[in-house]
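Please look through the sequence and the structure below before reading on. The report that follows takes up a few parts of the fold in turn.

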Amino acid sequence: MPSFHYMREIVVAIFICMMFALASCSEEREHVAPAIYPRDSVPTMVTYGVNTLISDSGVVKYRIVAEEWEINQNRNPSRWIFEKGLFLEQFDLAMHVQSYIQCDTAYYFDVQRLWKLRGRVRILTSNGVRFSSEELYWDERSREFYSNRFSHLITPDKELKGNRFRSDDKMNKYSVRYTRGYFDRGDFGDSPRENMSKAEADSAKHQGRGQAMPRRINKNQ
């Protein structure tokens, strides 16, 4: 699965190219009137209809799609905003989709190096792990995903649902708290009764509660 480390490199490369293009055609102007909108609402850059294929060593490996991409260094903290959704997918050598990440809205806090994905977050990894939630964070520094919202994780042999999710960036090691879900019977091994010998099972049976014996009730009492 492509980690957000790759996605950040891709977006940074696109951003650098666009900033060079903007710098080549911009001119210095003197402000003669105050801004119409508050300074905090003015983005550094807004790009529409991003749909880019990314190659590595001449081989197309990634695609990033965003209807709208805003970079705002004036907000505190500064951030990149994908208000209308973000989609990233990874291809194998045959151009088949190997993994993907998508969400309705995404924020990247560049100083904290923290991604926040919101609204119908969906992830498929190259190992066949599927994840869904309404909110997910990815911390580039600690290289881990986490969510405090209801999350649904499906692996080839497990299905987990819970309100506290934490994982490494490849979703190979994860934990789900306040959970309910399905596990393979083999995950727990044989039951204790199946491991008992016949003599041990008979002994356990006799040590239990004895069979109740019938007795006559005197109606005159």
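Which residues does Phe82 touch, not counting residues up to four places away in sequence? This is a predicted model, and in it Phe82 touches Ala66, Glu68, Trp69, Asp104, Thr105, Ala106 and Trp115.

Counting ring pairs whose centres lie within 6.5 Å gives 9 aromatic pairs. In one of them, the ring centres of Phe82 and Trp115 are 6.2 Å apart and the planes stand at 25°, so this pair is classed as stacked.

Trp115 is itself buried, because its relative accessibility is 0%. Trp115 also pairs with Tyr108, and here the centres are 4.6 Å apart with the planes at 35°, so the pair is described as tilted. Tyr108, like Trp115, is buried. Ring pairs join these residues into a cluster made up of Trp69, Trp80, Phe82, Tyr108 and Trp115.

## Thr105, a neighbour of Phe82

Among the residues in contact with Phe82 is Thr105, which is found in strand E6 (residues 105–109). Thr105 has a relative accessible area of 14%, and therefore counts as buried. Its side chain reaches the backbone oxygen of Glu83 at a distance of 3.3 Å. Leaving aside residues up to four places away in sequence, Thr105 touches Phe82, Glu83, Gly85, Lys116, Leu117 and Arg118.

## The largest nonpolar core

In soluble globular proteins, nonpolar side chains tend to be buried together. The largest nonpolar core of this model holds 30 residues, and the members that touch the most others are Phe82, Leu86, Leu117, Leu136, Phe165 and Met171. At least two residues of this core come from each of strand E1 (45–56), strand E2 (59–72), E3, strand E4 (86–91), strand E5 (97–103), E6, E7 and E8. Of the contributing elements, E2 gives the most, with 5 residues.

Strand E8 (residues 130–139) pairs with strand E9 (residues 144–147) in the antiparallel sense, over 3 bridges, and Trp138 stands opposite Phe145 in E9. These two strands form a hairpin with 4 residues between them, and in the turn Arg143 has a positive phi of about 55°. E9 also pairs with strand E12 (residues 164–168), again in the antiparallel sense, over 4 bridges; in this pairing Glu144 stands opposite Asp168 in E12.

How many residues lie between E10 and E11 in the hairpin that they form? There are 3 residues between them. Strand E10 (residues 151–154) and strand E11 (residues 158–162) pair in the antiparallel sense over 4 bridges, and Ser151 stands opposite Gly162 in E11.

Notes:
Residues are numbered from 1 along each chain as its sequence is written. This is a predicted model: local features need pLDDT of at least 70, side-chain atom pairs count only at pLDDT 80 or more; totals for chains, interfaces and linings use all residues. Side-chain values use heavy atoms; hydrogens and water are left out. Two strands pair if DSSP finds at least two bridges between them. Rings of Phe, Tyr and Trp (its six-membered ring) pair if their centres lie within 6.5 Å; planes under 30 degrees apart count as stacked, over 60 as edge-to-face and the rest as tilted. Buried means under 20% relative accessible area, exposed over 50%, partly exposed in between (1.4 Å probe, protein chains only). A polar contact is a pair of N or O atoms within 3.5 Å; within protein, one must be able to donate a hydrogen and the other to accept it, and residues adjacent in sequence count only if both atoms are side-chain atoms. Contact means heavy atoms within 4.5 Å. A nonpolar core is a set of buried Ala, Val, Leu, Ile, Met, Phe, Trp, Tyr and Cys residues joined through side-chain atoms within 4.5 Å.
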